[in-house]
Amino acid sequence: MSGLVHTIQFVFGILGNVASLFLFLVPTYTFKRIIKNKSTEQFSGIPYVMAFLNCLLTAWYGLPFITSSNILVTTINGTGATIELIYVLIFLLYAPNKQKRKILAIFVLVLVAFAAAAVISVLVFHGKNRELFCGIASTVFSIVMYAAPLSIIRLVITTKSVEYMPFLLSFAAILSCTSWFIYAILGMDPYIGISTGVGLTLGIVQLILYFCYCDKKILNKKTFAVEESQQNMDNGHNNDVKLYLP
């Protein structure tokens, strides 16, 4: 029976890798827009910095000398750390100076935090204590990463627009968290289970908000188009009047 459970867990680990890779690649559309417009607009860089830290810590947690049978966790999070680093660098390149300083400061703190956690886990802790320390660190910063889009949620509620909260990003987060949550339950891993459970909950909240405000986004665009058309008609009428004035 344990062999069957291990096989099912491995399958969900593979599904988690695929879903997570999809999640990591979803923001490429956003960054194409940033590069094209040479502006970060109202997009937030904090989720990408937090995702970078989460990937580093989770990849570290999955290494054989920390935990056993979690190599699938390390492979995808190592890949994710590389992708998120590219996103952060692009964001820093096009962000306004004030925002750039803020994101750069957070990025430096992230590197220091990971380096400190890695050194402490190797030099201070051993065996189960090492797993406990790395597991708690990974869980805490995973929750921070999943909570990072809360600023975007506030923006969506304030502006009543989902322009800066892409549907695919929320949907991919739900797929990824669901796969890893089941993987964690089968492997009885509380650290991965808690963090992905929180991520799954927040992903569902984002998806609900998207469906609440997506129609309003379309309505706002239509209203703007009508107003612009009316303004153009008024301007044309005024020009006609001026043309026939003596």
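Predicted model: local features only at pLDDT ≥ 70, side-chain atom pairs only at ≥ 80, totals over all residues.
## Two annotated spans

Residues 192-213 are 100% helix and 0% strand, and their end C-alpha atoms sit 31 Å apart. For residues 43-63, the end C-alpha atoms are 33 Å apart, with 76% helix and 0% strand. Helices here are DSSP runs (H or I, at least four residues), numbered from the N terminus; strands are E runs of at least two.

Numbering runs from 1 along each chain as its sequence is written, and side-chain values use heavy atoms, leaving out hydrogens and water.

## The cores

A nonpolar core is a set of buried (under 20% relative accessible area, 1.4 Å probe, protein chains only) Ala, Val, Leu, Ile, Met, Phe, Trp, Tyr and Cys residues joined through side-chain atoms within 4.5 Å. The largest has 46 residues, and Phe31, Val49, Phe91, Trp180 and Ile192 touch the most other members. Helix H3 (46-61) is among the elements giving two or more residues; H3 gives the most, with 11. Another core, of 8 residues, lies apart and includes Ile152, Val156, Leu209 and Cys214.

Beyond neighbours within four places in sequence, Phe91 is in contact (heavy atoms within 4.5 Å) with residues including Phe31, Ile34, Phe43 and Ile103.

Val124 lies in the loop between helix H5 (97-123) and helix H6 (128-147). Val124 is exposed (over 50%), at 53% relative accessible area.
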